[in-house]
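Subject: Structure handover

Hello,

Here is the structure I promised to send over. Please open it alongside this email; my notes follow below.

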Amino acid sequence: MIRSQRNAVLVPLLVIGAGILILLALPQTRDVVVGFVNGAFGGRNNFNFFSTLSRYSIILGMAMAVLVSFRAGLLNIGGEGQLVLGGLTAAIVGVYLPGPPLLVAVAAVLAAMTAGASWAVLAGVLDRVAKVPLLIGSLLLNYPAHFIASYFVSHPLRDVASGATQSHKIMSEARLPRFPGTILDYGILLIGATAILIILLERTSVFGYRVRMQGYSFGFARTSGYPTGKLYYRTLMISGAIAGMTGYTAVFGLNQRYIDGMLTIPLYAWTGVAAVLLAAIIPWVTPITAFFFAMLATGAVGMERSADIPREMGQIVQAVIVLYLAGVSGKILSSNVGKDH
């Protein structure tokens with residue numbers, strides 16, 4: 001397993017390295033490199049760098065949500081639905097709940113985490129009760145979540161005066177503050193603290209040890225007397241809660257309202273899955289790979305401006321990585337889960 005995980009990391013890095021060498025051989029190499037670097041880290045007053053960090057915050061949140069379930073051997077890929085419902089719920093609380101700003105903010109994050117956790121547990125119930133595989137159930141639940149959110153911001157919650165498909169802005173005093181002179185909000189601190197907590201929890205707590213052992217071998221965990229049923233649902237709850245909290249940070253931070261498609265079009269959830277797979281499901285590596293994908297997305301925009309290379313090239317590179325990882329992830333997960341799961 002260790003060898004397969006090492007290969008899962010090394011091979012994509014070699015592919016990326018080969019891609020960079022090919023890139024350096026192009027006539028427009030300088031413009032391409034400068035455009036990419038400037039798009040990811042430059043800009044006036046480092047605007048692009050803060051844009052990268054802002055995207056990184058959401059991707060990291062979704063990556064940690066996926067990581068929790070994958071470490072337990074649970075193929076929960078319903079993060080997009082949990083993210084969307086978390087963001088929508090946070091927006092509803094932020095717009096319509098009266099009260100002090102701090103109370104509204106706390107209520108919004110708790111409501112968002114509850115919504116995300118509930119949606120993840122629903123996939124688990126479908127798996128255990130209706131025998132719908134978690135992989136299929138969690139994937140399919142993304143669609144109703146997306147349509148529910150679209151309906152609410154298109155009709156009952158829509159800010160008609162804005163002319164767009166979006167909710168009203170949340171209470172201004174309850175929004176996540178931004179770092180002075182930047183577009184980056186304090187949500188990245190919340191996501192970063194959550195990532196550190198998950199990494200420590202996974203390595204130092206009894207719960208993390210049991211989750212890890214269940215991921216390695218469900219049969220071993222069951223015969224060892226672990227409460228596998230409780231671990232199953234608790235892991236899904238934590239995973240969904242992190243996704244819901246990430247939706248809260250997007251609504252209360254960057255966008256300050258819920259906008260139709262704001263959490264689905266950028267493919268945050270799927271990029272989070274790719275980051276976890278690129279990290280070979282190793283917790284401490286995941287934040288690094290998440291930043292790589294954030295940098296790839298914003299850098300591609302810079303290449304489009306400077307070298308006239310379509311930003312879709314970045315998505316193509318990401319898609320190639322995902323295609324490769326889709327092949328090796330099955331082997332890694334099957335070795336983690338065990339054939340008797």
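**Gly192 and its helix**

Gly192 sits in helix α8. Helices (H or I, at least four residues) and strands (E, at least two) are DSSP runs, numbered from the N terminus. Gly192 is partly exposed, at 22% relative accessible area. The cut-offs are these: buried means under 20% relative accessible area, exposed means over 50%, and partly exposed is in between (1.4 Å probe, protein chains only).

**Before you read on**

This is a predicted model: local features need pLDDT of at least 70, side-chain atom pairs count only at pLDDT 80 or more, and totals for chains, interfaces and linings use all residues. Residues are numbered from 1 along each chain as its sequence is written, and side-chain values use heavy atoms, with hydrogens and water left out.

**The chain overall**

The chain has 14 helices and zero strands. Of its 341 residues, 50% are buried.

**Helix pairs**

Helix α8 (residues 187–204) packs with helix α3 (residues 47–71). Their angle is about 25°, and the axes are 9 Å apart. Axes are lines fitted to C-alpha atoms, for helices over the stretch in contact, and angles run from 0 to 180 degrees between N-to-C directions. α3 and α8 are therefore roughly parallel. For reference, angles under 35 degrees count as roughly parallel, over 145 as roughly antiparallel, 65 to 115 as roughly perpendicular, and the rest as oblique. α3 passes α8 in a left-handed crossing. A crossing is left-handed if the near helix is turned anticlockwise from the far one by less than a right angle, and right-handed if clockwise.

Next, helix α5 (residues 101–128) and helix α11 (residues 228–255) pack at about 140°, with axes 6 Å apart. That makes α5 and α11 oblique to each other. The crossing of α5 past α11 is right-handed. Their contact has 17 nonpolar, five polar and two charged residues. Here Ala, Val, Leu, Ile, Met, Phe, Trp, Tyr, Cys and Pro count as nonpolar, Asp, Glu, Lys and Arg as charged, and the others, Gly among them, as polar.

**Helix α4**

Helix α4 covers residues 79–96. At 1.5 Å a residue, its 18 residues should span 26 Å, and the end C-alpha atoms are 26 Å apart, which agrees. The expected span is 1.5 Å times one less than the number of residues. α4 is mostly covered, with 14 of its 18 residues buried.

Gln82 lies in α4. At 2% relative accessibility, Gln82 is buried. Its side chain makes a polar contact with the side chain of Asn76, at 3.3 Å. A polar contact is a pair of N or O atoms within 3.5 Å; within protein, one must be able to donate a hydrogen and the other to accept it, and residues adjacent in sequence count only if both atoms are side-chain atoms.

**Loops**

Met171 is in the loop between α7 (142–154) and α8. Met171 is partly exposed, at 22%. The C-alpha atoms of Met171 and Tyr96 are 8.7 Å apart, and the two residues are 75 residues apart along the chain.

Most residues other than glycine have a negative phi. Lys131 has a positive phi of about 60°. Lys131 is in the loop between α5 and α6 (134–140) and is exposed, at 64%. Leu267 also has a positive phi, near 60°. Leu267 is in the loop between α11 and α12 (268–278) and is partly exposed, at 39%.

Best wishes
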